[in-house]
Each structure stands twice: as structure tokens, then as C-alpha cells.
Amino acid sequence: MTDPDQWTVRRILEWTTAHLAQHGSDSPRLDAEILLAHARGCRRIDLYTRFDEVLTDAQRAAMRDLVRRRAKAEPVAYLVGHREFYGLDFRVTPDVFIPRPDTESVVMELLQAAKEWPDEEPRILDVGTGSGCIAITAAVNLPRVRVTAIEHSPAALEVACENARKHDVAGRIRFLEGSLFAPLEPGESFHCIASNPPYIPETERETIQPDVRLHEPHSALFAGSDGLDVIRKLVAQSPERLVPRGWLMFEIAPEQEPAVRVLLESTRAYVDIAAIRDLPGKIRVVRARRSSD
């Protein structure tokens with residue numbers, strides 16, 4: 001029989017789940033499991049077959065530090081140094097926005113759109129690549145494509161390059177440092193432009209979750225009073241960077257869809273404008289095709 005005073009895997013999980021719930025975690029049990037697996041150097045699934053194992057002193061010390069930091073709203077992904085996205089594992093640091101399932105909707109649209117050019121090597125541009133999750137996932141799933149990824153932060157770009165090497169696609173992705181389309185050569189064009197731009201209004205800065213507001217890079221989050229400052233530039237500048245009938249697609253907040261649709265329509269450069277819902281049913285992506293004129 002296990003000593004009730006010993007800190008077993010089960011007891012640590014139960015205590016940590018309750019503790020993190022009291023400190024505002026939206027997913028305290030999941031957080032507890034991810035942190036404990038990291039402290040023990042094992043897979044999360046392995047915890048379920050080792051409930052009665054007692055933690056070593058070193059594991060308890062590591063877990064204690066992780067839980068203390070998580071209780072102060074430090075994101076779990078930063079604590080463990082990685083995050084899964086579209087079935088791939090990405091290294092993350094506080095220099096990059098943490099990949100989220102919402103952005104997988106952008107990838108799904110991108111993978112489908114790239115199939116429209118079966119006899120070519122489609123050129124894909126990822127604007128504001130961050131961790132590289134969109135660009136790298138596209139390269140992994142579309143062996144024929146040529147990918148360019150632009151990022152204004154040198155530190156974030158370094159993380160993206162590391163992730164590309166990790167997934168063995170570094171030779172098929174060109175990483176450029178700069179803002180929006182500035183690093184591109186004159187006349188370069190692409191079959192698909194994808195982006196997860198910043199789109200949170202500055203007016204909502206104090207209302208978002210503390211783990212996001214206090215720890216993730218603000219340049220990847222906020223974009224003016226209505227959240228559309230970067231999207232306006234993306235919409236206005238993309239037509240000259242798209243081949244005729246090429247696609248622009250980017251992530252938005254659901255409530256921004258009417259305003260974004262007006263932006264796209266007002267340029268008169270796009271057709272086939274559509275709002276795409278994510279798996280929970282919320283509008284998450286807007287896509288539009290450059291007209292052939």
C-alpha cells in the first residue's frame with residue numbers, strides 16, 4: 001500500500017489541479033499533467049500507468065518551481081518550451097506567440113488552396129511567421145511548394161528557423177526579416193499568402209487573460225484601436241504580391257468579419273470573399289482571391 005504522506009504522481013496531480021484552479025487556470029488538470037510530465041521527463045500518457053510512483057526530490061523541486069510560475073500566469077507552453085500544432089511539435093519561447101488550434105483553420109485553408117496548381121510549384125508566403133507554425137506545416141504537408149516566411153523580430157525568426165530544421169524543411173523555406181512585404185524583391189508574387197496577424201484592439205488590452213497579456217509578445221497581439229491596423233495593410237498590399245487568381249487568407253476575431261469584408265470589397269481587387277468557421281463553429285478565417293483582371 002502506498003504511504004498517504006508520499007508525493008506520488010496521483011497526489012501531485014490532484015494537489016496541483018486544485019491549486020491551479022484556485023489561481024485562475026482554465027484547464028488546471030491538463031496544465032498539471034503537462035507540467036508533471038515535463039518535470040519527470042516522460043510523456044503525458046505515461047503518467048496514467050504510474051499513478052503510484054513516488055517523485056524523486058529533484059522531480060518534486062522541478063515541479064514545485066513550474067507550479068509556482070504557472071500560478072503567476074506564466075503560460076504552460078513557455079514553461080515546457082514547446083507546443084503541438086497540427087500534429088507537429090514546435091519549440092516556443094517568450095519571443096514568439098504561442099501556436100493555437102484557432103490558427104490550424106488557416107493551415108487547412110492553405111493546404112486546400114495550394115492544390116489548385118497541380119502542374120506548378122506553388123509559392124506560399126507566410127506574413128508574420130512567429131514560431132513558423134504556418135510556414136513549416138505547409139512545407140511538411142505539401143512537398144512541392146516553395147515557402148517564404150517573413151518575421152519582423154530577429155529573436156522570433158531564430159525560433160522559426162530552429163523549428164524548420166527540427167522538421168527537416170529548412171531547405172525549402174526562405175526566412176526573411178522585416179515587416180509585412182518589405183523584405184521581398186520587387187515583382188515577387190505568390191500563389192497563396194497566409195497570415196495570423198495581430199488583431200486584438202488596444203482597447204481590450206486590460207481585459208484579455210493575464211497569461212496572454214503579461215507574457216506573450218504584444219507586437220503579435222495588438223493592432224490599433226479596432227485591431228485592424230495590420231490587416232488593413234495586408235489587404236491593401238497583397239494584390240500586387242499575388243498571382244492572378246491567387247489566394248489571401250488570414251485569421252481574425254469572429255466579430256471583425258463584417259469590417260474585414262468591407263475592407264476586401266472596397267479594394268475591388270478581390271473576388272470569392274468568404275468567411276470560414278473553425279471546428280467550434282466560430283468565424284476564424286477570411287479568404288479572398290485576387291481577381292484575374
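Strand β3 (residues 123-127) pairs with β6 in the parallel sense over four bridges, where two strands pair if DSSP finds at least two bridges between them. Helices (H or I, at least four residues) and strands (E, at least two) are DSSP runs, numbered from the N terminus. The structure described here is a predicted model, in which local features need pLDDT of at least 70 and side-chain atom pairs count only at pLDDT 80 or more, whereas totals for chains, interfaces and linings use all residues. Residues are numbered from 1 along each chain as its sequence is written, and side-chain values use heavy atoms, with hydrogens and water left out.

How many of the six residues of strand β6 are buried? Six of the six residues of β6 (residues 190-195) are buried, so this strand is largely enclosed by the rest of the structure. Buried means under 20% relative accessible area, exposed over 50%, and partly exposed in between (1.4 Å probe, protein chains only).

We turn next to the aromatic rings. A pair of aromatic rings is described by the distance of the centres and the angle of the planes. Rings of Phe, Tyr and Trp (its six-membered ring) pair if their centres lie within 6.5 Å; planes under 30 degrees apart count as stacked, over 60 as edge-to-face and the rest as tilted. By this rule, the count is two aromatic pairs. The rings of F85 and F90 have centres 6.1 Å apart and planes at 75°, so this pair is edge-to-face. F85 counts as buried at 0% relative accessibility, and F90 is buried with a relative accessible area of 0%.

Charges over rings make a further topic. A charge sits over a ring if NZ of Lys or CZ of Arg is within 6 Å of the ring centre and within 35 degrees of the ring normal. R11 lies over the face of W7, at 3.9 Å from the ring centre. R205 lies over the face of F222, with 4.2 Å to the ring centre.

Side chains of opposite charge can pair when their charged atoms come close. A salt bridge is a side-chain nitrogen of Lys or Arg within 4 Å of a carboxyl oxygen of Asp or Glu, and by this rule the count comes to 26 salt bridges. One of them joins D52 to R10, with the closest N and O atoms 3.8 Å apart. D52 lies in the loop between α2 (28-40) and α3 (57-71) and R10 in helix α1 (residues 9-22), so the pair ties together parts that are 42 residues apart in sequence. D52 counts as partly exposed at 48% relative accessibility, and R10 counts as partly exposed at 36%.

R40 forms a salt bridge with E53, the closest N and O atoms being 2.7 Å apart. This pair links distant parts of the chain, with R40 in helix α2 and E53 in the loop between α2 and α3, 13 residues apart. R40 is buried, with a relative accessible area of 14%, whereas E53 counts as partly exposed at 37% relative accessibility.

A salt bridge also brings together the side chains of R70 and D211 (3.8 Å, N to O). R70 belongs to helix α3 and D211 to helix α8 (residues 210-215), so-called distant parts of the chain, 141 residues apart. Both R70 and D211 are buried. Finally, a network of salt bridges links D65, R68, R69 and E74.
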